[in-house]
Amino acid sequence: MTPGSTPPRPAPEPAPTADQATEDAMSNATTVSPAHSASTASTLITNIAALVTNDPSLDGSPLGLIQDAAVAIEGDRVVWTGDQSKAPATDNRVDASGRAVIPGFVDSHSHLVFAGDRTQEFNARMSGRPYSAGGIRTTVAATRAASDEELERGLTHYLAEALSQGTTTFETKSGYGLTVEDEARALRIAAAHTDEVTYLGAHIVSPDYADDPAGYVALVTGEMLDACAPYARWIDVFCEKGAFDGDQARAILTAGRARGLHPRIHANQLSYGPGVQLAVELDAASADHCTHLTAEDVDALANSRTVATLLPGAEFSTRAEWPDARRLLDAGVTVALSTDCNPGSSFTSSVPFCIALAVRDMRMTPDEALWSATAGGAAALRRDDIGRLTPGAYADLILLDAPSHVHLAYRPGVPLVGGVWRRGTRVA
């Protein structure tokens, strides 16, 4: 495994109830002290000014803040959180020195298996040329020409870059190969580093099928799907003018679901369209971008399990209209915040940067932005073992060089990640 890699996750077990979680915490803290474990070392991080748990039962707020706190880790899991004066005995101690601790970021939308970059396109766009879906073809050509070793080297580089900035869980997609062989190898490479892998053969219509989009949809839902499904958990489609219309997107996502892949969708980024409604219809885990929404779209999201994943790096890099996060949040929509790291429209791996953008330009509060970048990302991946610091969750956490998480937006551009633990091990 390489830096930033994700060990394979066992088959999911039923999530514990709040009462069960409380009973487990009491057991770990008092009945069976982590210091007495025969198999794994335990660590206590103490002297934490503010601990973000994302457990609303603790203080009535979504962040579940604990002041003057400590968190105990045993193996790869959190086993206790609370007032540091009541902390259990452990094998090791780390002094947070009055700094804040937050859950590791969950980046639920990225495109990291690619070759080349699109510097010239970005430069031209910043000089006045508008963004369109067509630029993806440039990356497709470079990716097809790259070796497996080159693609994996790029992937691990960006993973290490993201990890150093606090991203402990990431999703990544194919979509820059657009042939059976190239899509399958992209997913094979990605699956060696994360189990949150998404088949995106339907990124755009392959240049090879420019005059036969129906033939390409048949390939994506047939031979390509057969080759890619063993490596993926998710299936995605870019439902947008210049990519795939609603009927094509429905056929692609339905075919993937029949093969055991759960839907997610690029929806309503460049214009109004059917993507959000389709996401809700198919119980997609997330509808991503969500920039151009009708009242009916917002209502549909608010009355569904589908998470609206907002990607402010894309708006920053394309000078496009910002998504209205305030509108979504006020309607009761679950919102995630992710980087969309890709070489064309959002070449950033920094979740802290996206948090600052969301607060400044998308009308999110600092609390909302942090929740969306942690627990919101976990919801977009339909997981309850990450994105929070509660007993039983993975010990993925960030030590900030600041007394409060608010500094992520208050001090934009400043490297505030002072330490990262992933699955209980300090990795940065």
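Author: In what follows, two strands count as paired if DSSP finds at least two bridges between them. The structure discussed here is a predicted model.

Reader: Which strands are the edge strands of the open sheet?

Author: The sheet is made of 7 strands with mixed pairing, and their order is β3-β2-β1-β4-β15-β16-β17. An edge strand pairs on one side only, which applies to the strands at residues 77-83 and 425-426, namely β3 and β17.

Reader: Which residue in β17 stands opposite Trp421?

Author: Strands of a sheet pair through backbone hydrogen bonds, either parallel or antiparallel. Strand β16, residues 417-422, pairs with β17 in the antiparallel sense over 2 bridges. Opposite Trp421, the residue that stands in β17 is Arg426.

Reader: How are helices α13 and α14 oriented to each other, roughly parallel or oblique?

Author: Helix α13 spans residues 351-361 and helix α14 residues 366-373, and the two pack with their axes 9 Å apart at an angle of about 140°. Their crossing is right-handed. An angle over 145 degrees would count as roughly antiparallel, and the orientation of α13 and α14 is therefore oblique.

Reader: How many nonpolar residues does the contact of α13 with α14 have?

Author: From α13, the residues Val351, Ile355, Ala358 and Val359 meet Pro366, Ala369, Leu370 and Ala373 of α14. By class, this contact has no polar and no charged residues, and the number of nonpolar residues is 8.

Reader: How many charged residues does the contact of α4 with α5 have?

Author: Helix α4, residues 148-164, and helix α5, residues 180-191, have axes that come within 10 Å and cross at roughly 45°, which makes α4 oblique to α5. The crossing is right-handed. Asp148, Leu151, Glu152 and Leu155 in α4 meet Arg185, Arg188, Ile189 and Ala190 in α5. By class these residues divide into 4 nonpolar and no polar, while the number of charged residues is 4.

Definitions and conventions:
Residues are numbered from 1 along each chain as its sequence is written. This is a predicted model: local features need pLDDT of at least 70, side-chain atom pairs count only at pLDDT 80 or more; totals for chains, interfaces and linings use all residues. Side-chain values use heavy atoms; hydrogens and water are left out. Axes are lines fitted to C-alpha atoms, for helices over the stretch in contact, and angles run from 0 to 180 degrees between N-to-C directions. Helices (H or I, at least four residues) and strands (E, at least two) are DSSP runs, numbered from the N terminus. Angles under 35 degrees count as roughly parallel, over 145 as roughly antiparallel, 65 to 115 as roughly perpendicular and the rest as oblique. A crossing is left-handed if the near helix is turned anticlockwise from the far one by less than a right angle, and right-handed if clockwise. Contact means heavy atoms within 4.5 Å. Ala, Val, Leu, Ile, Met, Phe, Trp, Tyr, Cys and Pro count as nonpolar, Asp, Glu, Lys and Arg as charged, and the others, Gly among them, as polar.
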